[in-house]
Amino acid sequence: MKAKIITKIPGTKSEKVIHTVRKLNGGWGVSYPFVHSKDGKGCYFKDIDENTFLDFASQIASNPLGYNHPDIKSTIKQYSSRAPVKFAGQDFLVKEHALLLEELLSITPHHLNAAFFVNSGAEAVENCLKISMRNRKKAKVGISFESAFHGRTLGALSCTNSKTIQKKNFFSIPMKRLPFDESAGDVLQQMLKHDVAPEGVAFIILEHLQGEGGYRVPSKKMVKDIRVIAKQHNIPYIADEVQAGMGRTGEWWAFQHFKIQPDTFSSAKALGIGATIANKKFFPKEPGSICSTWGGGQIIDLAVGVQTIKTMKRKRILSNVQRMGVFLEKELQALSAICPQVSNIRGLGLMRAFDLPSKKAREDVIIGALKNGLVLLGCGDKGVRLVPPLIIKREEIIEAIDILEKTIKECCKPKFKHTGKICQYTACSEDGT
Ligand SMILES: Cc1ncc(COP(=O)(O)O)c(C=O)c1O
């Protein structure tokens, strides 16, 4: 397969669906000008207008094995003759609940030996916060980092410091914020000395590769300092692995790059289900203290999670992520030599980003790439994320870089402006983000 655009974007069939969703959907709207069809293979998918796109967004890092992977298809097929496929799974068990617990805990560090399933990344974070708070009777505040994104439920949102629009007029749990750089440890020490006593801190939460905030990799010193201080004072240390976890960075969990272990961590996206993971002793014992109706009961999601991990192990996907991540970085470096607009190349594994000179240039390039059949995502102020499925091959990376080069040359000319209906998407209509 290759990327091939045969209609205007959006095509007429996609436009009809988008129109309905825009009219009736209670949320913000629709960012991307296509509607998925059932067709696709590997890193490519077709929209319902028969356009073929090369996917370097993986549905925000939540589609690790790409489109129509045979293992995932045959897993889903097993459930085609039964209903319901969704149970109130914390109380009414299905065997897939046990299978995913076993499979997930086979790839976590030894002492992180229990998991609690929920519906989303935000809920996974929320439960990390709650189980951390549970034993901190004097705690008054939590601590997160500048530009962090931890989700949109009110607890998780309180830890988010990404865009003001995400928080406007929403109440927050009390939080303090640390800089996302090597001064973080010193700032935390000062905070604990002058501002809030260590026993007043309920948790510290950190992305070990910051996602929406700009695909920033923290320094080893920053992570080590924070981990050491948290341990010294018994402050629960939470890793948010919703975006960076499940092999995306070339290790199962991004915190493993820093040779530290959290007290609890969240997973979701590529796992296909939300999970809060910790030592069994770290979870509350009282019945009903945490629960969720659908948690542990979405049979297909649970089975797909099991199969995803099994396939990743069998196909040695982590080693592909490491090799292709290095190749992608080299290709980006070569691209920056041809297109000087490309700067600040960063990331780990297949979680990479670069900057363009301005937010406008970034948005123009994302839209231009779509017109040329490549799906990208933005991050931070002027960053472009490259997050392909973990099964990506060299020739697909080369194709993506060729499209990027062509697009940057088209879109970074002075006074460049996209025209037509495409302007109603991503950032030509940017105020919403
Ligand atoms: C690091 C991180 N944490 C939490 C979330 C929230 O996940 P969800 O959108 O599934 O609630 C996200 C989503 O992008 C994320 O990137």
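In which handedness of crossing does H4 pass H9? The crossing of H4 past H9 is left-handed; the term applies if the near helix is turned anticlockwise from the far one by less than a right angle, and right-handed if clockwise. This is a predicted model, where local features need pLDDT of at least 70, side-chain atom pairs count only at pLDDT 80 or more, and totals for chains, interfaces and linings use all residues. Residues are numbered from 1 along each chain as its sequence is written, and side-chain values use heavy atoms, with hydrogens and water left out.

Start with H4 and H9. Helix H4 covers residues 95–105, and helix H9 covers residues 299–314. Helices here are DSSP runs (H or I, at least four residues), numbered from the N terminus. The two pack at about 30°, with axes 9 Å apart. Axes are lines fitted to C-alpha atoms over the stretch in contact, and angles run from 0 to 180 degrees between N-to-C directions. H4 is therefore roughly parallel to H9; the label needs an angle under 35 degrees, while over 145 counts as roughly antiparallel. Glu96, His97, Leu99, Leu100, Glu103 and Leu104 make the contact from H4. H9 contributes residues including Ile299, Leu302, Val306 and Lys313. Contact means heavy atoms within 4.5 Å. The contact residues comprise 8 nonpolar, 2 polar and 4 charged. Ala, Val, Leu, Ile, Met, Phe, Trp, Tyr, Cys and Pro count as nonpolar, Asp, Glu, Lys and Arg as charged, and the others, Gly among them, as polar.

H3 also meets H9. Their axes come within 9 Å and cross at roughly 150°, so the pair is roughly antiparallel. This crossing is right-handed. Asp71, Ile72, Thr75 and Ile76 of H3 touch H9 residues, among them Ile300, Ala303 and Arg314.

Now the backbone. The Ala83 to Pro84 peptide bond is cis, with omega near -5°. Pro84 sits in the loop between H3 (70–77) and H4. Pro10 lies in the segment before helix H1 (12–24). Ala61, in helix H2 (residues 58–61), has a positive phi of about 60° although it is not a glycine.

Residues around the ligand include Phe149, His150, Glu207 and Asp240. Ala122 places a polar backbone atom 2.8 Å from a ligand oxygen. A side-chain N or O atom of Gln243 is 2.8 Å from an oxygen atom of the ligand. For Lys269, a polar side-chain atom lies 3.0 Å from a ligand oxygen.

Definitions and conventions:
Angles under 35 degrees count as roughly parallel, over 145 as roughly antiparallel, 65 to 115 as roughly perpendicular and the rest as oblique. A residue is near a molecule or strand if one of its heavy atoms lies within 4 Å of it. A polar contact is a pair of N or O atoms within 3.5 Å; within protein, one must be able to donate a hydrogen and the other to accept it, and residues adjacent in sequence count only if both atoms are side-chain atoms.
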